[in-house]
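I opened the notebook to look up how the parts of this assembly meet. My entries follow in the order in which I checked things.

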Amino acid sequence: MEQFLQLLPQCLLDGLTLGVVYAIVALGYTMVYGVLELINFAHSEIFMVGAFAGTEVLLYLQTYGYLTGIPAPVALVLALIVAMFLSGGMGVLMERIAYRPLRNAPRLVPLISAIGVSFFLQDAVRLVEGLWKNAFYLTAPSIFPTSIQISANLRLPVKSMVVMFSAVVMMLGLHMFVTRTKWGKAIRAVAQDRDTSALMSINVDRVISLTFFIGAALGGAAGTLFACQYSLISPYVGFILGIKAFTAAVLGGIGSIPGAMAGGILLGVLESLGAASLGIATNGAMGAEYKDVFAFVILIAVLILKPSGLFGEETGEKV
Amino acid sequence: MLKNSLLGQIDKKYLLLLGWTMIIGVSILFYLFPQSGLFFLLFLCSLLVLYYLPVNNALRYLAAAIILVGIMPLVGMQNTYYFDVITQVGIYASLAIGLNIVVGFAGLLNFGYVAFYAFGAYLYAIFASSQAANFIPAAVAHFPLSGHWFWVFLALSAVLTAGLGLLLGFPVLRLRGDYLAIVTLGFAEIIRIVFNNLDKPINITNGPKGISPIQPPELFGMVLNQPIHFYFIVLVILVLTIIIASRLDSSRIGRCWAAIREDELAARSMGVPVVRMKLLAFAIGASFAGVMGVIFAAKQTFVDPSSFGFMESIGILSMVIVGGMGNIAGVIIGAVGVVMLQLNILKEFSEYLGQLAAQGILNIPSQVDPAKYEKLIYGLILILACIYRPQGLMPASRSLPAWLKKKGKDQITNGIQEDKTDVT
Amino acid sequence: MLRGKSKVLVTVLLLVFVASVLGGCSSKPKTATDNAANVIKIASVTPLSGSQAALGENIKLGAQMAFDERKAEIEKLGFSLQFAPQDDQADPKVGVAVAQKLVADKDVLAVDGHFNSGVAIPSSEIYAKDNLVMVSPANTAIGITDRKLPSVNRICARDDVQGPLGADFAAQDLKAKKIFVVHDKTTYGQAIADEVKARAPKVGMEVVGYEGITAGESDFSAVLNKVAVVKPDVLYFGGIYPEGSLIIKQMKDKGITAKFIGPDGMDDPEEVKIAGQAVIGTFYTSPAADISRTPKGKAWVDSFKAKFGKEPSNWSAYGYDAMNVIIEGLKKAIETNGGKKPTRQQVSEAVRAVKGLEGITSTISFDEKGDNKGAKLYVAEFKEAKYPPTVVKEVNAGEFVK
């Protein structure tokens, strides 16, 4: 038990850092689900594209010696902007090509299409990186290498703070956009009832494209932050994270933006705590390798007890 | 249908002539050139042609029997590779049919089908190798069990995996479509991770190191470990699977499932026992996977958790969807397509390109070698299939092809069904 | 528009037409080079797609280099030699299918592969049925050769030698009393971690932790937090360099002072790129720690770079040596067979009989199980953030006390 208490503060911190990354990616899933009722499996690949884009920008700056010249936050913002635009654009493209023709198809079909896009992007990025750089494991330069030792058990790396700060800024930004602007209102309207929104002269297609753009841009930003935090990226980095982030979105109630944020952070913390405590709790029988199981079990439990997720709304079935 | 089409203008006799020529011709060519990947593909196509040929059933079954029981083994003896491929195709076809029952017939999204497959495989693997000796003392039984137990395990696995399906289905079946998908996905991942880690405190699955060697099946003292044996085992099971699935489809249970799939609330109002039917679908689908798992373990003689990941589930699901949800022949085609793509087509293509490169005609950098980008092409095919033919290659219809239909009974449902599933 | 059945029939007919056209084209290269009696193919089977593609590709390139260098020797004996690289996608069932394919192609007389033990084990059963010799550059699981199949050989070290070496080094050279073992839950990583865990108490160390991480993930802070609290002297990681390098980096970020030891899966130039400065002071064991130490090795590295445009990793060296052994065996088999194309059995016996072949990684001789008697194991330390690291200990694997 004492060991657990010693672990606790650092675990919470690491869980939070991981959690906010999950949260931003989860936002993408939840927004798309809100307007289209579609699980966008390819979102994890958008995240990966964003990671690659951001890393390439940083590497570019590094090769040309700019990295030492400009302050680190500026480099990060630059990488973020490029990544967000690239991923956002890709999201819109994806919607146009792979999802719009399937608006009226039975549920499963756009899902499979999304999976197809996901596979395609994974290998496409591998192809591009292979041709361009002759390697597809990329290492992002470390632009925030220092950390602060707060106490014997708590060490706060600067990059974690940067990641958390950027994530919070983005989440707040999204929240303000969705609640205070006209386009945000349009998105909420389409998410609630597509046909009536169309009747209210909202250009549904444009709103959906915008939703995809924002969701994908957020995913791309998360990717760049991920690259900053963990440095090593590969075309397969989106896969596991995507499943987790999606689990987070469902946990918080899919379709609900605050739900996605809460779900992401909760999942990150739970995973971290689970990994640390499982070994101690079961006396070595189960260790950190069960942390994914831990997360999924929680998900299943929540869904069985409260099927619409933590923050989701109970939508009754219309007869 | 044939009447008002271009091809319908052609006399039925010519169609038959064309079809039979192709079937017989390809079979002969395949026998003469057992190394050719091309003829293998054509061979499979000829089976498809046979399916559609407007002849009576007895002749059709006879021809199929000759092809599958006669020609294929003859070719296979010369080239065991194709035996292996077609056995894999058979395994996946059965799996796809099983998943089709859950997804296609009953309309339940199941993203974790591979968990049942893994369960069946490990069930046999643990007891048919020395693994079980780790936790069952020698006084009770001697492991590995002899190959004669294989047949027992086929049945045992069907029952136990069905039980697992019930266990999973019970808490989650009241969830809405997408949530169900995620929960089943989570469940499959849980099973995989558990299998990957169940080597302490008691070593049940030997973790990521896998279990090997696994006893091959035995029949009357003869050890069945050659590819030809597995081919026949899989063939028999596949035929049984098809029969069971189509019987279910045209039975009252199948109609209940169709009702649930189309509109659950209406079905419930009509008195369909929804929960029971859903559970039944889950359990039956699971049992198919369990049986195939046992066969897989026996054939590979080695199982480890890496064969049962999320990708497998998606693979089987895509076979069902691209092939045609709810249509048994469709999912078989889907299975053929996906397995061939993964094992055969791209490799042949890139070898072909490699040969061109060796002859100096074309020079492709190692980075763009097509065999490496199978996922890319697979993804592209999925997207295209979904956009251009979302109802699948062979759309589900309650109307079975003419030769399977019972006169009169299913006529009424035809029209309604075709309306609903025709998305284009 | 065409409907239903007839549409399918027409499509199928079109396919037939197209296929026969293609068939006409593709059958030509096949029949043209069919001086069937004189074609010999050597295959390499490694993962060329998927997350381990980089490692598989390195082995293939190494094999290719050896092939290109010595091709002429076999061709002088009157045979046309072809290199057939295959992709097993690190998936056992694809590996099995590829194995079936290779066995069915009668011109294939030897296989240089696989990379993943989980794929090699079932595939080698298939090779063994037809006596197709397999020389493994990278499979370390003990089960590979413990089955005593006469056609299965390996040139790399076994887990039950490398693991204890790591543990011994920690206890004797690093004077560690507490060791924390981490593995990546794969066939390779866990096997070697288990060996270390079993050996540790025998050399006086206490195993203070045994945890698994998921390969493919990037965040190991959960496990590392535990390590930070428990404060071991040494952290042993069973796994390969993508995760291992990240662990090294994250260890430094967390201020963990434990010494890091890894197995040969850590051996790759990318390790320095990923871990950066943190790599200084870390160790790994490997059958070929520093190829460029010897002048011969350096020349090899340079020619590899010149040929393929990138740095070789040690996996390339193993692929190279395995191919060399194969060609050596093949040559002997042809000669003993009076200049005629040998059978697979003969090639297999000739390969197993290879003694004292000077490879880039070690001097190769096979024992009765197919293990490489001459396999040397090195412990290397990164004294600076440059690959390759400095060798600090050298052990003869064949004589290693278990």
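Which residue forms a salt bridge with Asp14(A), and how far apart are the closest N and O atoms? I found that the partner of Asp14(A) is Lys254(C), with the closest N and O atoms 2.9 Å apart. I used the rule that a salt bridge is a side-chain nitrogen of Lys or Arg within 4 Å of a carboxyl oxygen of Asp or Glu.

Before going on, I noted that this is a predicted model, in which local features need pLDDT of at least 70 and side-chain atom pairs count only at pLDDT 80 or more, while totals for chains, interfaces and linings use all residues. I also noted that residues are numbered from 1 along each chain as its sequence is written, that chains are lettered from A and ligands numbered from 1 in the order in which they are written, and that side-chain values use heavy atoms, with hydrogens and water left out.

**Entry: chain A and chain C**

Across this interface I found two salt bridges and five residue pairs in polar contact, both residues at pLDDT 80 or more. A polar contact is a pair of N or O atoms within 3.5 Å; within protein, one must be able to donate a hydrogen and the other to accept it, and residues adjacent in sequence count only if both atoms are side-chain atoms. On the side of chain A that touches chain C, α1(A) gives the largest share, seven residues. Helices here are DSSP runs (H or I, at least four residues), numbered from the N terminus.

I then looked up the extent of the contact (heavy atoms within 4.5 Å), which takes 34 residues from chain A and 36 residues from chain C. The buried area, meaning the accessible area (1.4 Å probe) that two parts lose on being put together, summed over both, is about 2700 Å², and carbon and sulfur atoms give 52% of this. In chain A, the residues that lose the most area to chain C are Tyr137(A), Tyr230(A) and Glu289(A), together 21% of what that side buries.

**Entry: the domains of chain C**

I read that chain C is divided into domain 1 (37-157 + 293-371) and domain 2 (160-286 + 379-400), with bounds from an automatic or database domain assignment. The C-alpha centres of these domains of chain C lie 29 Å apart. I saw 13 residues of domain 1 in contact with 15 residues of domain 2, and about 1200 Å² buried between them, of which carbon and sulfur atoms give 58%. Between these domains I counted zero salt bridges and one residue pair in polar contact.

Key: Helix = DSSP H or I, 4+ residues; strand = E, 2+ residues; numbered from the N terminus.
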